[in-house]
Amino acid sequence: MKVNCKPKHKIRSVHTLSQIMALSVLAACVFSAYAQQTNTQTSAAPSGFRLCGSECGSSLYYVGLSRFNSATAQGQTNASPIANERIYRNVSDLDNVVPLPSISLRNVGIQGVEFASSRYEITANRIGFSQKSEELTAISLNALSEVKAGARLLWGDSFRVSSRTLARGTPVSVNITRTVGGAGSASDFAFYWVATETYHNRDKLVDLNYTIARAPGGADVIVGDAVETQTIRARVGDVFTIESVLSIVDGVEGRANSSQFLTGAFDSLGYEVKLDPGAASTSQACLKSFSGTYMSGNCS
């Protein structure tokens with residue numbers, strides 16, 4: 001099945017936020033076409049999570065993903081099966097239920113003549129850390145080959161603040177540090193859109209947003225810093241949630257008599273969540289996540 005998710009006018013360069021939005025619309029179109037409809041919802045799940053909606057039920061933590069992969073050459077398309085976003089309730093590491101790396105391969109055409117190939121790997125998706133790699137190639141004689149691939153990697157965890165000495169309701173500060181990493185190389189007509197979002201009690205932490213976008217023939221535009229920290233307020237006795245989603249669309253457009261490529265080595269999104277070490281209350285408070293991933297402060 002060939003999915004048409006091209007904008008009405010080709011995006012040849014990206015220099016403004018409006019053009020980044022155009023790429024994000026393209027990304028949403030691709031995810032919708034391949035995954036029909038993801039389970040991102042704005043209504044609260046019973047557990048207090050936002051990204052997994054009703055799929056989370058009463059779970060206290062989760063991991064989830066959706067992905068797609070498609071290669072087109074010589075009028076033929078080899079696409080991954082349509083699948084909805086999958087949520088794994090009370091699972092802290094995808095590797096516990098889906099052996100990683102999870103590799104998707106799509107090839108079509110004649111090698112060395114007109115050929116499109118995509119190798120897309122989910123290398124990690126656990127609470128606090130998501131990672132993928134890709135190797136996309138389009139070899140064209142008549143500029144009709146194309147590769148598109150992508151994923152949404154998400155997780156959520158619940159946290160409790162406690163203390164043996166501080167009264168219930170005593171304010172504490174929690175630092176959330178988000179780090180984006182990875183390396184790769186790309187030819188002129190590769191394109192990509194990568195965006196991160198972080199939520200606290202279903203509310204977006206906008207200071208932790210990060211986007212990098214590039215259209216075919218364009219240049220990188222980055223919104224946000226690779227490493228960013230935001231402080232949230234909580235109180236002794238509170239239970240709150242943190243969620244993260246990494247959304248990616250990668251691709252290459254064929255050009256006549258050319259070979260286009262995009263490679264990414266372990267593109268990642270990681271988090272550190274801990275009590276503010278500079279706050280006086282930290283030495284008397286304890287922060288623990290229900291998944292067991294995070295613990296800071298005085299938890300003895």
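Let's start at Q74, which sits in the loop between strand 1 (61–73) and strand 2 (76–79); strands here are DSSP runs of E with at least two residues, numbered from the N terminus. This is a predicted model, in which local features need pLDDT of at least 70 and side-chain atom pairs count only at pLDDT 80 or more, while totals for chains, interfaces and linings use all residues. Residues are numbered from 1 along each chain as its sequence is written, and side-chain values use heavy atoms, leaving out hydrogens and water.

Q74 is not a glycine, yet its phi is positive, about 55°. Q74 counts as partly exposed because its relative accessibility is 40%; buried means under 20% relative accessible area, exposed over 50%, and partly exposed in between (1.4 Å probe, protein chains only).

Now move along to R202, in the loop between strand 9 (190–200) and strand 10 (203–204). R202 also has a positive phi without being a glycine, at about 75°.

Another loop, between strand 3 (86–89) and strand 4 (102–110), holds P101. A cis peptide bond joins L100 and P101, with omega about 5°.

Next, look inside. A nonpolar core is a set of buried Ala, Val, Leu, Ile, Met, Phe, Trp, Tyr and Cys residues joined through side-chain atoms within 4.5 Å. The largest one has 51 residues, and I176, F240 and L287 have the most contacts inside it. Strand 7 (residues 146–162) gives this core its largest share, seven residues. A second, separate core of nine residues includes F49, C52, I87 and L154.

Conventions
Helices (H or I, at least four residues) and strands (E, at least two) are DSSP runs, numbered from the N terminus.
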